[in-house]
Amino acid sequence: MRRFALRLSGRLPTGVKRLAVGFHEARFFVGVIGVVIDSDARVLLFRHTYRPFAPWGLPSGHVRPDETPAQAIVREINEETGLVAESERILEIRAGRRPQRLDVWLLCRATGGTFRLGAEVDEVRSFALDGLPDLIAEQKRFLAEHRAALLAVAAALRDQTGSTSG
């Protein structure tokens with residue numbers, strides 16, 4: 001019976017196939033989370049105006065159609081704060097449940113811009129990995145799990161700065 005259904009579905013118009021898949025498959029948001037770390041191993045956090053239970057958090061947002069995760073996090077950081085950043089590489093991709101989503105965690109580098117207050121973010125500050133404020137549990141867990149890698153990134157940044165200035 002399954003074989004027959006698959007053969008039949010192969011003959012259906014594209015729109016009907018998409019509709020059938022939409023009913024059968026899970027729908028996911030694609031989120032992006034930026035980890036911006038400096039040479040002193042401090043992580044850039046935003047104080048969000050809409051989250052009183054854990055206002056501080058990593059820059060984040062959703063991927064729009066026809067946008068890469070790297071483009072999305074750079075856009076989100078700029079839209080929310082006026083700061084300019086570059087995405088360097090993907091750190092991890094994780095699926096989440098509430099809402100169903102696929103989160104792309106990206107290592108980013110701040111490159112400039114001027115902070116401006118906005119509707120979503122009213123403060124930006126860098127915190128030492130050992131002195132983080134209350135964060136959403138998932139972000140706190142991620143930073144703890146990737147602590148060694150983030151410290152290595154900070155050390156590499158120190159080496160780059162030291163070798164270019166000396």
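# Briefing: cores, sheet and pocket of a predicted model

Asp-38 sits in the loop that joins β1 and β2; helices (H or I, at least four residues) and strands (E, at least two) are DSSP runs, numbered from the N terminus. The model is predicted, so local features need pLDDT of at least 70 and side-chain atom pairs count only at pLDDT 80 or more, while totals for chains, interfaces and linings use all residues. Residues are numbered from 1 along each chain as its sequence is written, and side-chain values use heavy atoms, with hydrogens and water left out.

- Not counting residues up to four places away in sequence, Asp-38 touches Ser-126, Ala-154 and Leu-157, where contact means heavy atoms within 4.5 Å.
- Asp-38 and Leu-157 are 119 residues apart in sequence, and their C-alpha atoms are 7.2 Å apart in space.

**Nonpolar cores**

- A nonpolar core is a set of buried Ala, Val, Leu, Ile, Met, Phe, Trp, Tyr and Cys residues joined through side-chain atoms within 4.5 Å; buried means under 20% relative accessible area, exposed over 50%, and partly exposed in between (1.4 Å probe, protein chains only).
- The largest such core has 19 residues, and Val-35, Ile-37, Leu-45, Leu-58 and Leu-143 have the most contacts inside it.
- Two or more residues of this core come from each of β1 (29-36), β2 (42-48), β6 (101-113), α4 (137-145) and α5 (147-165).
- The largest share, 4 residues, is that of α5.
- Apart from this core lies another, of 13 residues, including Val-32, Phe-46, Leu-83 and Leu-106.
- Leaving aside neighbours within four places in sequence, Leu-143 contacts Val-35, Leu-58, Leu-132, Leu-135 and Leu-150.

**Sheet**

- Three strands form an open sheet in the order β3-β2-β7, with antiparallel pairing; two strands pair if DSSP finds at least two bridges between them.
- The edge strands, β3 (56-57) and β7 (121-128), each pair on one side only.
- Between β2 and β7 the antiparallel pairing covers 7 bridges.
- Phe-46 stands opposite Val-124 in β7.
- Helix α3 (69-81) packs on the sheet and touches β2 and β7, its direction making about 55 degrees with that of β2; axes are lines fitted to C-alpha atoms, for helices over the stretch in contact, and angles run from 0 to 180 degrees between N-to-C directions.

**Largest pocket**

- The largest pocket holds about 380 Å³ of space.
- Its lining has 16 residues, with His-62, Pro-99, Arg-101, Asp-103 and Glu-138 nearest the centre; a pocket is an open set of points on a 1 Å grid over the protein atoms alone, where a 1.4 Å probe fits, with protein on both sides within 12 Å along at least five of seven lines, and lining residues have an atom within 4 Å of a point.
- Grid points are joined across faces, edges and corners, and the volume is the space filled by probe spheres set on the points.
- At least two lining residues come from each of β1, β4 (60-62), β6 and α4.
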